[in-house]
Amino acid sequence: MHIRDRLGGAPTLSFEFFPPKTDEAEQTLRATLERLGAFHPAFVSITYGAGGTDAVRTRDLVVDLTGRSDVPTMAHLTCMGHTRAELAALLEDYRANGVVNILALGGDPPADGSPPTGDFRYAAELVDLIRGTGDFTVGVAAFPELHPRSEATEDDRRYLAEKLGRADFGITQFFFDPVPYFRMVEDLDALGCRVPVLPGIMPVTTPASVRRFAAMNGSRVPPALFERLEVASPADRLEIAVEQTTALARRLLDGGAPGIHLYTLNRSEAAARIAEALGFA
Ligand code: FAD
């Protein structure tokens, strides 16, 4: 169940989840997986806690879903906070348990300002370790609006093209304006890189937390949309989020994007309505 076998044909739909920390959150996730499973996603992906925290939760959920679902499941994995030996052991464990899809990430330095730890500095080094471990489908991250630690667009795009050249596909950080996504695809094309990069987009049902995420990862937040969301009732927010995300996804697909990756925050309502509106039902 390699994700690479599902790419390259009709546009794909995929969903991102995070590992739950409580029994109640676990029930919400299971219900969400069941409902969104009806859309036959090309794959689902499971995030990894910042700095290697929650590593076991991610591992256990990915192994569980891989064993009992026919939807390819991808484990996110970060360099930050890990030795090479720890990453190699985790990859061996995934291989032994039939997990064949990994999103190789750099990870972020600790939020308290202490220096980054770990043997690898960049995601590309993790891609090489994964390639040397076995037959995995490897995804990597892309930032259409530039990575917050990048100083120059040219350098960022060059590193991205090199990293994508060693991977099978990319997924972007969330964004609201399609123009930088299309510009990034053109820049990559000019560098000879045609590896598919799925736009990752997020229906904003909790604007305060999305503002916080956006400030950390360099996504530009459209003021008018967020002002509307911030004064809306929860029910109206859902309507606005579905309408805005569906319109963005349509523009991306019409412009040639290879699929849509939805950040669900483990909730099904907005994601299901968007998938339906896009005709993935
Ligand atoms: P890298 O590819 O290493 O890039 C980081 C920076 O280094 C960029 O500025 C790049 O231009 C620069 N760079 C790259 N190579 C070189 C080089 N050779 N020389 C100099 N500079 C270089 N984080 C988590 O902790 N858990 C998750 O589950 C998670 N999931 C994510 C999923 C997606 C789809 C995305 C887009 C991000 C996710 N992140 C996650 C966040 C990610 O770990 C951080 O944004 C991190 O800061 C960068 O990761 P990267 O893989 O792009 O790093």
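**Entry 1, the cores.** I began with the largest nonpolar core, which has 61 residues, and found that Tyr94 and Leu126 touch the most other members. A reminder to myself: this is a predicted model. Apart from that core lies another one, of 24 residues, including Phe43, Phe143, Phe169 and Ala232. As background, nonpolar side chains in soluble globular proteins tend to be buried together.

Next I asked which residues tyrosine 94 is in contact with, leaving aside neighbours within four places in sequence. My list for tyrosine 94 reads Thr58, Arg59, Val62, Val63, Ala75, Val99, Ile102 and Phe136.

How many residues surround the ligand? I noted 24, and the closest are Tyr48, Asp108, His147, Ser150 and Lys163.

For serine 150 the distance to an oxygen of the ligand is 2.7 Å. For arginine 149, a polar side-chain atom lies 3.2 Å from a ligand oxygen. On its own the ligand has 980 Å² of accessible area, and the protein covers 85% of that.

Which elements give two or more residues to the shell around the ligand? I have strand E3 (73-78), strand E4 (101-105), helix H5 (153-165) and strand E6 (169-172). H5 gives the most, with three residues.

I searched the whole structure for disulfides and came back with zero.

Cysteine 79 counts as buried because its relative accessibility is 0%, where the cut-off is under 20%. Cysteine 193 counts as buried too, at 8% relative accessibility.

I went through backbone angles and stopped at leucine 146, which has a positive phi of about 80° although it is not a glycine. Where is leucine 146 found? I located leucine 146 in the loop between strand E5 (137-142) and H5. Leucine 146 has 17% relative accessibility, so it counts as buried.

Asparagine 266 went into the notebook as well: its phi is near 70°, a positive value in a residue other than glycine. I placed asparagine 266 in the loop between strand E9 (259-263) and helix H10 (269-277). Is asparagine 266 buried or exposed? With a relative accessible area of 4%, asparagine 266 is buried.

What does glutamine 244 touch, not counting residues up to four places away in sequence? I recorded Phe176 and Leu225 as the residues that glutamine 244 touches.

Conventions:
Residues numbered from 1 in each chain as written. Heavy atoms only, no water. Disulfide = S-S within 2.5 Å. Buried < 20%, exposed > 50% of the residue type's maximum accessible area, 1.4 Å probe, protein only. Core = buried A, V, L, I, M, F, W, Y, C linked by side-chain atoms within 4.5 Å. Contact = heavy atoms within 4.5 Å. Near = heavy atom within 4 Å. Polar contact = N/O pair within 3.5 Å; in protein donor to acceptor, adjacent residues only side chain to side chain. Areas by Shrake-Rupley, 256 points an atom, 1.4 Å probe, with all protein chains shown as cover. Helix = DSSP H or I, 4+ residues; strand = E, 2+ residues; numbered from the N terminus.
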